[in-house]
Amino acid sequence: MTTLYQQHVDVLIHRYEDAMAHFGLDAIVLASGEKSYYFQDDHTHPFHAYSGAQQWLPFTLGAETYVVLQTGKQPTLVWPVRDDFWHAPNPVPGGDWQKNWSIIPAKKNDAWFSNLPKHTAWLGPQPITAAVVCDGLKAYVDFAKAVKTDFEIQAMRRASERAVAGHVAAKDAFLAGMSELEIHLAFLKASQQTAAQEPYPGIVGLNEHAAVLHYEHKSIEQMENSRTLLIDAGASEHGYASDITRTFVRHDDDFSALVNDLDTMEQKLCRSVMSGVSFRDLHQDTLVGIATLLHDHKICALSVEEQLTKRIPQVFFPHGLGHLLGLQVHDVGGHQTDSAGTLSKPDESAPFLRLTRTLEKNMVVTIEPGLYFIPMLIEKMQAEMVNHGCDMARIQHFMPYGGIRIEDNVVVKDDLPENLTRETGLI
């Protein structure tokens with residue numbers, strides 16, 4: 001990991017020196033951010049460092065930490081020193097990583113930034129007044145973040161391993177008849193994290209709750225007849241996220257057959273994640289796949305072509321196929337086409353598609369097709385579309401199961417992609 005980290009820092013130095021030359025800057029400061037508080041309270045929100053600062057360090061950054069970059073100089077880490085008997089000490093982590101850095105301990109009110117060069121830009125929250133405004137700098141560095149270094153991919157691999165252990169434990173808890181809360185606790189224990197440490201709040205939905213895309217509750221009541229578990233939950237390794245979803249079923253029936261066929265389709269999509277492929281095209285392939293499933297499982301009698309024309313698949317699969325993954329779960333730059341910040345927004349046929357770029361080697365993306373029985377969307381279809389061709393009795397039969405989502409994290413390659421989720425053995 002030490003060698004990978006050194007290579008990682010070298011890549012980042014090259015990227016930022018290129019940015020400083022492009023914008024005529026003497027220095028760039030990356031700020032992790034400060035803690036924020038609940039209204040009229042002394043309790044803070046969970047803290048997540050600005051990804052631009054976190055990207056430089058091989059451990060999870062806290063608040064009020066700064067990375068200072070100047071061309072031709074070793075990166076500087078400004079580390080917060082606090083006179084504080086309320087909280088645990090905050091020493092600089094040890095390790096070989098320090099050989100790449102100049103480390104400056106600083107108290108909150110220290111004017112360490114007074115010695116910065118004249119043309120210093122600031123990325124992150126709470127910029128100092130002395131920083132120059134540099135339009136386009138954020139887009140310039142965000143565009144490059146999409147292509148991951150080997151160090152970053154290794155971190156995400158470890159995050160996947162921990163999350164997969166949690167998914168296996170969640171499946172066992174579901175089959176044992178546990179509640180949504182108990183299933184979530186089983187996931188957290190096996191993935192070795194607290195809820196505050198999750199890269200995003202884990203989704204644990206039983207039965208009809210699996211049809212709520214971002215279901216945010218955790219029922220404490222055990223269900224007598226829990227047919228379906230949809231769990232969307234990940235873990236992180238010094239800021240780098242995994243984002244994994246599985247749909248588990250209790251019975252071998254026609255809904256489990258639908259799950260199996262969606263899983264087969266998802267794995268085929270994952271194998272298509274190669275450099276030069278348009279993610280828009282992969283999303284369109286997914287719509288074709290959903291239409292095929294709806295027809296094959298006698299949910300919709302219309303042909304695939306008729307379904308696509310009438311946008312029937314979007315009723316059952318209303319979100320995008322996936323997104324960039326990294327220091328942010330929905331990583332930055334997904335709609336950018338170049339470092340200048342030119343955007344390629346999704347069109348009306350896929351308004352929630354978070355990634356419209358052409359894939360490049362060592363991007364990491366999620367592939368997450370879904371098929372849901374969402375009452376609101378089905379009612380809207382019935383009200384607005386006379387000849388929808390859907391078997392409403394069959395749909396009513398599937399509604400108590402909620403829905404399906406299957407999500408893997410995949411590294412783009414020139415030929416065979418690397419599926420970080422499946423390589424751990426999770427099926």
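This is a predicted model: local features need pLDDT of at least 70, side-chain atom pairs count only at pLDDT 80 or more; totals for chains, interfaces and linings use all residues.
Local features are taken where pLDDT is at least 70 and side-chain atom pairs where it is 80 or more, while totals for chains, interfaces and linings use all residues. Residues are numbered from 1 along each chain as its sequence is written, and side-chain values use heavy atoms, with hydrogens and water left out.

Two packed helices are described by the angle between their axes and the distance between the axes. Here, helix α1 (residues 2–23) and helix α4 (residues 150–175) have axes that come within 7 Å and cross at roughly 130°. Axes are lines fitted to C-alpha atoms, for helices over the stretch in contact, with angles from 0 to 180 degrees between N-to-C directions; helices (H or I, at least four residues) and strands (E, at least two) are DSSP runs, numbered from the N terminus. That makes α1 and α4 oblique to each other (under 35 degrees counts as roughly parallel, over 145 as roughly antiparallel, 65 to 115 as roughly perpendicular and the rest as oblique). On the α1 side, L4, Y5 and H8 meet D150, F151, E152 and Q154 of α4, where contact means heavy atoms within 4.5 Å.

Now for the rings. The structure holds 15 aromatic pairs, counted when rings of Phe, Tyr and Trp (its six-membered ring) have centres within 6.5 Å; planes under 30 degrees apart are stacked, over 60 edge-to-face and the rest tilted. One of them joins F59 and W79 edge-to-face, at 6.0 Å centre to centre and 75° between the planes. Because F59 lies in the loop between α2 (51–54) and β2 (66–70) and W79 in strand β3 (residues 76–80), this pair ties together parts 20 residues apart in sequence. F59 is buried, at 12% relative accessible area, and W79 is buried too, at 6% (buried means under 20%, exposed over 50%, partly exposed in between, with a 1.4 Å probe and protein chains only).

The rings of F255 and F398 have centres 6.1 Å apart and planes at 50°, so that pair is tilted. It links F255 in helix α6 (residues 254–270) with F398 in helix α11 (residues 392–398), 143 residues apart.

Finally, T120 belongs to strand β5 (residues 120–123) and is buried, with a relative accessible area of 4%. Leaving aside residues up to four places away in sequence, T120 touches A27, V29, A131 and V132.
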